[in-house]
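Please keep the sequence and the structure in view while reading.

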Amino acid sequence: MRQPSAAAIERSFDKMSGQYDRGIQLLERYLLGEIRGWATGEATGEVLEIAVGTGLNLPLYGDKATHIIGIDLSEGMLDVARERVAAEGLQRVELRQGDVERLDLRDESVDTVVSTLTFCTIPDPEQASREAFRVLRPGGRIVVAEHGPAANGLVRAMMRAVDPLAVRFGHDHLMRVPGPYLEAAGFMIEDARRGGAFDVVHKLVARKP
Ligand SMILES: C[S@@+](CC[C@H](N)C(=O)[O-])C[C@H]1O[C@@H](n2cnc3c(N)ncnc32)[C@H](O)[C@@H]1O
């Protein structure tokens, strides 16, 4: 299947940035369930949130996360995140425009990478996983909560059928499974669990050895 380019993704998320929060919060309520409290609760030390979007996770980080760098392609999404940071008076957050397939960060410079609902959209999730691996310190962890194929066979078949349309019109891959991308990048998976309606959510914690 042809992958949307980074430029197309950037344009598309710039355009939808004003409506993103309302749409995703509806999906979370009826389909995905609680992912953000779980993911942010796993974060410690210097944190990199890849494809941070409108920054819905940012107010949820606890004190164990000492500094959070959020990176996204879309300035439109980042503008909403910046408003959130200002409105909530968040102190430990730094937002940057960039491509998570080519991180402008030093090797072994962060303790936790957080990724929520990103592998569905990032053009090359394996390359993004390799970059996350590169910038993590040895022993550092990546925490991932993504939607993926449902456990239920019928729902999975329906997802497979609509996947090409979701990719074409929403840049949203419905059938990607995050674990193999992480393992291919060198991570050891420590915790894998499912959640949401029909177990459509894949939650993983993986460590850089
Ligand atoms: C579905 S949104 C998820 C946003 C956020 N993580 C959340 O949990 O709400 C996907 C985000 O991935 C970003 N994105 C996609 N590919 C990217 C890349 N290569 N580098 C940086 N951001 C990317 C998009 O701009 C968009 O903000």
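In this predicted model, an oxygen atom of the ligand lies 2.6 Å from an N or O atom in the side chain of Thr116. Taken alone, the ligand would expose 600 Å², and the protein buries 98% of that area.

| Side chain (N or O atom) | Ligand atom | Distance |
|---|---|---|
| Thr116 | oxygen | 2.6 Å |

Which residues come nearest to the ligand? Of the 20 residues around the ligand, these are Tyr20, Ala51, Asp72, Asp99 and Thr116, so named by a criterion under which a residue is near when one of its heavy atoms lies within 4 Å. By residue class, the shell around the ligand divides into 11 nonpolar, 6 polar and 3 charged residues, and helix 1 contributes the largest share of this shell, with 3 residues.

The space that the ligand takes is the largest pocket of the model. This pocket has a volume of about 860 Å³, and of the 46 residues that line the pocket, Phe13, Leu117, Cys120, Thr121 and Asp172 are the closest to its centre. The lining of the largest pocket is made up of 24 nonpolar, 14 polar and 8 charged residues.

Which helix gives the most to the lining of the largest pocket? Helix 1 does, with 12 residues. Helix 1 spans residues 6–32, and both this helix and helix 5, which spans residues 153–170, supply at least two residues each to the lining of the largest pocket.

Methods. Residues numbered from 1 in each chain as written. Predicted model: local features only at pLDDT ≥ 70, side-chain atom pairs only at ≥ 80, totals over all residues. Heavy atoms only, no water. 1 Å grid on protein atoms, 1.4 Å probe; cavity = no way out; pocket = protein on both sides within 12 Å on 5 of 7 lines; lining within 4 Å. Points joined across faces, edges and corners; volume = space filled by probe spheres on them. Helix = DSSP H or I, 4+ residues; strand = E, 2+ residues; numbered from the N terminus. Nonpolar A, V, L, I, M, F, W, Y, C, P; charged D, E, K, R; others polar. Polar contact = N/O pair within 3.5 Å; in protein donor to acceptor, adjacent residues only side chain to side chain. Areas by Shrake-Rupley, 256 points an atom, 1.4 Å probe, with all protein chains shown as cover. Sits in = over half its atoms within 2 Å of the grid points.
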